[in-house]
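Here's a quick tour of a protein model to go with the picture below. Keep the structure open while you read, and try to find each spot as it comes up.

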Amino acid sequence: MSQHNHPSDPKNMEEKSNASRRKFLQNVGLAGLSAGAATVAGQGLLEDISAETPVKDNAIADESRAMHGGSPISDATFKNPDGSTEVVLPPLKERVLAIKQLLIEKKIINEQGVQGFVDYYEKVVGPHFGAAVVAHAWKNPDWKAKLLAPPEDKPFQAAILIRDFLFNTVNPDTGKPYLSDQITFGLTIGPEGEYIRIFANGEQQENGKNIFVHNLVTCTVCSCYPQALLGTQPMWYKSQQYRARSVSDPFGVLVEFAEDAHKGKADHLKQFKDYTAKIDELRVWDSNSEVRFFVIPEIPKAWANLSENELRKRVTRNAMLGAEILYS
Amino acid sequence: MEGPHYNAGWTGYGKIPFKDQPDDQGWLEEWEGQLGAIFATLSTIFEKGLKSGQPVPFWGLDAARWGRETMNPRDYMNRTYDALWLETLCLLITIYGDKLGVSVADLEARKITNAPAQKRAKAIREQAFKEAVPGVGRPDAKGLYQSAKYDPAKVGSIEKIGANPKFKVGDRVQCINQLSTGHTREYPYFRGKVGTVVTYYGLAEEKRNEKGQIEFQGVYYAPYPDIACRGLQKFYTPLYSVRFEGKDIWGEEFVDPRSVIYADVFEPYIKLA
C-alpha cells in the first residue's frame, strides 16, 4: 500500500522490488518455497518465511521445552512465565505500518517527514559518493596518501578532506557539486560521516616493508556503516550470516562473493585467484564504535588509462566494503 | 547482554544472502525505509531533549542496540533485521512513551508488540541499572554511575579526558572479562584476548557553529556506549584501535594465518598485557 505514495513510477518500483525478493529467496536457497508462496496472491514473500511469530497450532504449553529446562531458543510453543499464552502478532510489514499510523495520529511524526527521509536515502546519498572518492584517489596519489595516513592529532582527517573534495567538485550527472549543506544536514559529509577511516587494498609500504593488504569492513552486532559515502546497507551486510562469519572466516567470505555473485565466470575467478594469492594480510574492521571504515579497492590494471569520470562508474558498493574485488 | 545477541564467530548460519543486491537499491521494500525514518525522528526528539533542567533521556544508537539485546534469545534469533529495529522502537515507547503521549497499551491494542515481551525487556533494564559497568563500577540507588575519570563534569571537560589516554600506540593490551546485562562494545569474541594498540582516536567536545553545523576537529567525540545506552548519562573514555591476530582469537589451527581483526576498544575494556 505504501507503493502508491512513492513519487517515482510505482509499477517500476514494484517490479524491481518483486525481482529483488525473488532473488533474495533464491539466494537463501528457498527458491522452491518462493515458487509455492508466489501462488498466494498479494502476500509479501519475505514476511511469509521470516518466522516472525511462533507457530500457532499445536501450542500445547505444557510441552514447552523452556518449561522443562531446555533452551528457550529451541521452543516454538512458548508460554509466558505468568502462564498466559503469547499473542501471535501480524506480519512485520503490517506492524511497521501500524506504528507509523499510530505516531502520525499522535502527531509525533508526519507523512512528509517520513517520505523525506526515505527519498533522501533512495535518491540523494548512495554509493556514487564513495565511488567518486575512490576514482579521485586513484587519479591523485598524493590525495590518496593523505586519506590513508592522517596525522596523529587528527585521526579522522579523511572526513575533512572528503568534505573539501565533494563540496567543490561538480557531479557530472547533476551539474551541481556532489555535496552541499542541504545534503549533509550540518554534518561533516552526511550521516555517520565524521569518524571516517580509509584503507586501500593492494600493495603498500608499511614500516619500510612492501606488503599486500586486503581490508574487509563489518559490523558484527548490527549494521554500522559509512552511510555518508555508501547510503543504506545492503541486505547481506546486515545479515546474521555475514556478521557471524566475517571476523572468523574472512577468506571464506571473499571466496563466496567471488563464486556466487559472479556466477562462476571463469575469467573473474582467475582474476580473483591471482589477487588472493598475493594477499599477505587480510584485515577485518569491526565497526564497534562510531568510527566508520571505507575501502579504496585495488584498481584493475586494464583500467589504468580510463578517466576519473569513467572510473567512478565502475566502482561497486561491495568493493568499497572489501567484500569483492573489481574485475576488468 | 550475554547471549546470541553477540554472535560474531558463531558457525553454521549458511550462505550469505543476496550478495548481488543492485548498488542503487537501498531497501528491499519502502516500509523498511519508513521504519528507519520513524526511529530517526524519535531519536532526534530525544537527542534535543524534552525538558530542561532535568537528566535528559536520550535514545541514540547505543540505546537502540541495547533495546534489541533485551529481547528473549528465542525472539532475537527468530526475528528479521528490521523486526529488531521495530522491537527497539517499541521499547523506547514503553520506557519514555509518557513523554511523547503514546503508551505500550496503544502498541498492544494495534498488535505492534505484546505486553509480556515489553515487561520482560523492562525487567532486564532494571536489573542492568543495578550492575557494574567496566571502568565505572556499580551505580547508586537511582541507577546513576559515578566516575572521577570519565565523567566530564568531574574531570573538567571532555578534552581533559582525551588529553590523558592511559595507553599509547604499540602497547600490548589484554581485554578484561565481564558479564553484562547492559550493552557493551566489548564483544565476547575478543574478551580476554591480547592485542596491540595501533591508533588512539583522540577525544574532544562536539563543536557546532551558529548555524548548527558541526565544526569537525578530526577527533572522536561520541560517548562511552556502556553508559550512553542507558539514556541518562554521558561519560567519555579514550578510544583505541586494537589489532588482534586472527589466530589469537580463533586458534591457529582454525583460521588462515593471514587474517587480522581490528576492533575499536574503549579504555575501560583493556589493561596492559
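Let's start with one residue in chain B: B:Q178 has 18 other C-beta atoms within 10 Å, so it counts as partly exposed. Keep in mind that everything here comes from a predicted model.

- B:Q178 sits in the loop between β1 (172-175) and β2 (194-200) of chain B.
- Once you skip its neighbours within four places in sequence, B:Q178 is in contact with B:P134, B:T184, B:E186 and B:R191.
- Sequence distance and space distance can tell separate stories: B:Q178 and B:Y269 are 91 residues apart in sequence, yet their C-alpha atoms are 8.9 Å apart in space.
- Next, look for B:Y240, which belongs to strand β3 (residues 239-245) of chain B.
- Is B:Y240 buried or exposed? It counts as buried, because it has 28 C-beta neighbours inside 10 Å, and the cut-off for buried is 20 or more.
- Leaving out neighbours within four places in sequence, the contacts of B:Y240 are B:F167, B:V197, B:T199, B:Y200, B:Y201 and B:V265.
- B:Y240 and B:E267 are 27 residues apart along the chain, with 7.2 Å between their C-alpha atoms.

**Helix α6 of chain B and its two sides**

- Helix α6(B) runs over residues 115-128, which makes 14 residues. From first C-alpha to last it reaches 20 Å, close to the 20 Å expected at 1.5 Å a residue.
- Which residues of α6(B) are buried? They are B:A117, B:Q118, B:A121, B:R125 and B:A128.

**How helices cross in chain B**

- A handy way to describe two packed helices is by the angle between their axes and the distance between the axes.
- For α4(B) and α6(B), the axes come within 10 Å and cross at roughly 70 degrees. The two helices are therefore roughly perpendicular to each other, since that label covers angles of 65 to 115 degrees.
- Where they meet, α4(B) brings B:C90, B:L91 and B:T94, while α6(B) brings B:Q118, B:A121 and B:K122. Sorted by type, the residues of this contact are 3 nonpolar, 2 polar and 1 charged.
- Helix α2 (residues 61-69) of chain B also packs with α4(B), at an angle of about 100 degrees and with the axes 8 Å apart. That pair is therefore roughly perpendicular too.
- In this contact, α2(B) uses B:A64, B:G67 and B:R68, and α4(B) uses B:L84, B:E87, B:T88, B:L91 and B:L92.

**Where chain A meets chain B**

- How many residues of chain A are in contact with chain B? There are 96 of them, and they contact 79 residues of chain B.
- Several elements of chain A each supply at least two residues to that side, including α1 (10-27), α5 (111-124) and β6 (281-286).
- The largest share, 10 residues, comes from α4(A).
- By type, the chain A side divides into 47 nonpolar, 24 polar and 25 charged residues.

- Chain A has 16 helices and 7 strands, and 42% of its 328 residues count as buried.
- Among chain A contacts between residues at least 6 apart in sequence, 63% join residues at least 24 apart.
- Most residues other than glycine have a negative phi.
- A:K107 has a positive phi, near 60 degrees. This residue is in the loop between α4 and α5 of chain A, and it is exposed, with 8 other C-beta atoms within 10 Å.
- A:F185 has a positive phi of about 55 degrees, although it is not a glycine. Look for A:F185 in the loop between α9 (181-184) and β3 (196-200) of chain A; it counts as exposed, with 12 C-beta neighbours inside 10 Å.

Methods:
Residues are numbered from 1 along each chain as its sequence is written. Chains are lettered from A and ligands numbered from 1 in the order in which they are written. This is a predicted model: local features need pLDDT of at least 70, side-chain atom pairs count only at pLDDT 80 or more; totals for chains, interfaces and linings use all residues. Helices (H or I, at least four residues) and strands (E, at least two) are DSSP runs, numbered from the N terminus. The expected span of a helix is 1.5 Å times one less than its number of residues. Axes are lines fitted to C-alpha atoms, for helices over the stretch in contact, and angles run from 0 to 180 degrees between N-to-C directions. Angles under 35 degrees count as roughly parallel, over 145 as roughly antiparallel, 65 to 115 as roughly perpendicular and the rest as oblique. Two residues are in contact if their C-beta atoms, placed from the backbone, lie within 7 Å. Ala, Val, Leu, Ile, Met, Phe, Trp, Tyr, Cys and Pro count as nonpolar, Asp, Glu, Lys and Arg as charged, and the others, Gly among them, as polar.
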